[in-house]
Amino acid sequence: MNRDVSDTNYKSLLRPFSRKKLSASLLFDDIELALFDSSVCLKTVAYALKVKLRSVLDVMSSDFDSLEVLKKLQVDDREIFETIMDQEVMPGVGNVIKCEGLFHSKVHPKSISRHIPSDILHQLIQNLQRFARDWYQKRKVRKDIFKSVYGVEVCITCRQGIRLVRSGILQRITYFCESCQILYTSSSVQKVEVDVNQSHHVLDSYQSDCNHSTDTVKSHVVAKW
């Protein structure tokens with residue numbers, strides 16, 4: 001039986017033996033469980049089940065199941081940059097992880113999720129998870145991770161200019177290479193042209209790897225989709 005500690009008519013049997021503040025008390029027949037100076041958070045079975053189901057989608061979870069994520073991506077009608085940032089689809093994926101995963105999978109951020117071939121989606125899921133876990137390991141030892149596209153001005157593959165746009169409901173920034181990343185909008189593969197008001201910026205010389213890993217966006221002109 002649960003006792004309300006705010007009830008002035010109830011006095012914990014253990015209270016006289018402690019000078020600490022009673023936070024919660026549970027009484028089971030002749031046994032009392034008392035918590036002193038504690039934060040109490042009660043979770044329902046439904047909540048615990050939701051957390052368990054969500055863990056198989058979390059890129060950082062030991063329970064991560066790429067096939068479950070694949071099933072969601074295969075039926076989603078949204079553009080892929082929005083789908084993988086949806087925490088109900090792929091919890092744990094942030095903006096940097098999104099950009100890097102799409103780049104290494106050669107998928108254009110405006111590709112329609114369900115139109116992307118399954119083998120490419122599977123590769124995307126693997127790349128997102130790999131970058132997320134590598135980044136986490138680097139952060140634990142206070143080291144930065146090499147970024148191939150995020151904050152970069154020149155594509156490390158084709159040396160064309162990297163584009164930067166604000167997109168989606170939250171207007172998050174997205175870095176991508178229009179030359180290397182393929183747009184999937186239907187059964188056919190297309191190339192996309194983004195109107196950036198002639199803001200496509202190409203550097204005169206190829207930058208060093210250390211410059212590629214910076215997060216600066218000052219040299220980009222941000223366009224909108």
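Me: Quick one before we start: what does buried mean here?
Reply: Buried means under 20% relative accessible area. Keep in mind that this is a predicted model.

Me: Thanks! So is Ser105 buried or exposed?
Reply: Ser105 is buried, because its relative accessible area is 4%, under the 20% cut-off.

Me: Where is Ser105 placed?
Reply: Ser105 is in the loop between α4 and α5.

Me: And what is Ser105 in contact with, leaving aside its neighbours within four places in sequence?
Reply: Ser105 is in contact with Ile120, Gln123, Leu124 and Asn127. With Asn127 there is also a polar contact, side chain to side chain, at 2.8 Å.

Me: How far is Ser105 from Gln181 in space?
Reply: The C-alpha atoms of Ser105 and Gln181 are 7.9 Å apart, although 76 residues separate the two in sequence.

Me: Let's go to α4. How many of its residues are buried?
Reply: In α4, 9 of the 10 residues are buried, so the helix is mostly covered. Among them are Asn95, Lys98, Glu100 and Phe103.

Me: What do those buried residues pack against?
Reply: The buried residues of α4 pack against α3, α5 and β5.

Me: Which residue with a positive phi follows α4?
Reply: That's Lys106, with a phi near 60 degrees.

Me: Now the largest nonpolar core. How many residues does it have, and which have the most contacts inside it?
Reply: The largest nonpolar core has 40 residues, and those with the most contacts inside it are Leu73, Ile80, Ile84, Met90 and Tyr175. Two or more residues each come from α2 (66-74), α3 (80-83), α4 (95-104), α5 (118-140) and β5 (172-176).

Me: Which element gives the most?
Reply: α5 does, with 8 residues in this core.

Me: Zooming in on Ile84, what is it in contact with, leaving aside neighbours within four places in sequence?
Reply: Ile84 is in contact with Leu73, Met90, Val93, Lys98, Leu102, Leu124 and Leu128.

Me: Aromatics next. How many aromatic pairs are there?
Reply: The count comes to 2 aromatic pairs. One of them is Phe131 with Trp135, a tilted pair at 5.9 Å centre to centre, with 45 degrees between the planes.

Me: Where do Phe131 and Trp135 lie?
Reply: Both lie in helix α5, 4 residues apart, about one turn of the helix. An α-helix has 3.6 residues a turn, so residues three or four places apart point the same way.

Me: Why does Phe131 count as buried?
Reply: Because the relative accessibility of Phe131 is 9%.

Me: What about Trp135, which charged end sits over its ring?
Reply: The charged end of Arg139 sits over the ring of Trp135, 5.5 Å from the ring centre.

Me: Switching to cysteines, how many disulfides does the structure hold?
Reply: The structure holds 0 disulfides. For Cys158, the nearest cysteine sulfur is that of Cys177, 3.6 Å away, whereas a disulfide needs sulfur atoms within 2.5 Å.

Me: Buried or partly exposed, what are Cys158 and Cys99?
Reply: Cys158 has 25% relative accessibility and therefore counts as partly exposed. Cys99 has 1%, so Cys99 counts as buried.

Me: Last topic: where does Lys147 lie, and is it buried or exposed?
Reply: Lys147 lies in the loop between α5 and β4 (163-167). Lys147 counts as buried because its relative accessibility is 1%.

Me: Which side chain does the side chain of Lys147 make a polar contact with?
Reply: That of Asp144, at 2.9 Å.

Technical notes:
Residues numbered from 1 in each chain as written. Predicted model: local features only at pLDDT ≥ 70, side-chain atom pairs only at ≥ 80, totals over all residues. Heavy atoms only, no water. Core = buried A, V, L, I, M, F, W, Y, C linked by side-chain atoms within 4.5 Å. Buried < 20%, exposed > 50% of the residue type's maximum accessible area, 1.4 Å probe, protein only. Contact = heavy atoms within 4.5 Å. Phe/Tyr/Trp six-rings, centres within 6.5 Å; stacked < 30°, edge-to-face > 60°. Lys NZ or Arg CZ within 6 Å of the ring centre and 35° of its normal. Polar contact = N/O pair within 3.5 Å; in protein donor to acceptor, adjacent residues only side chain to side chain.
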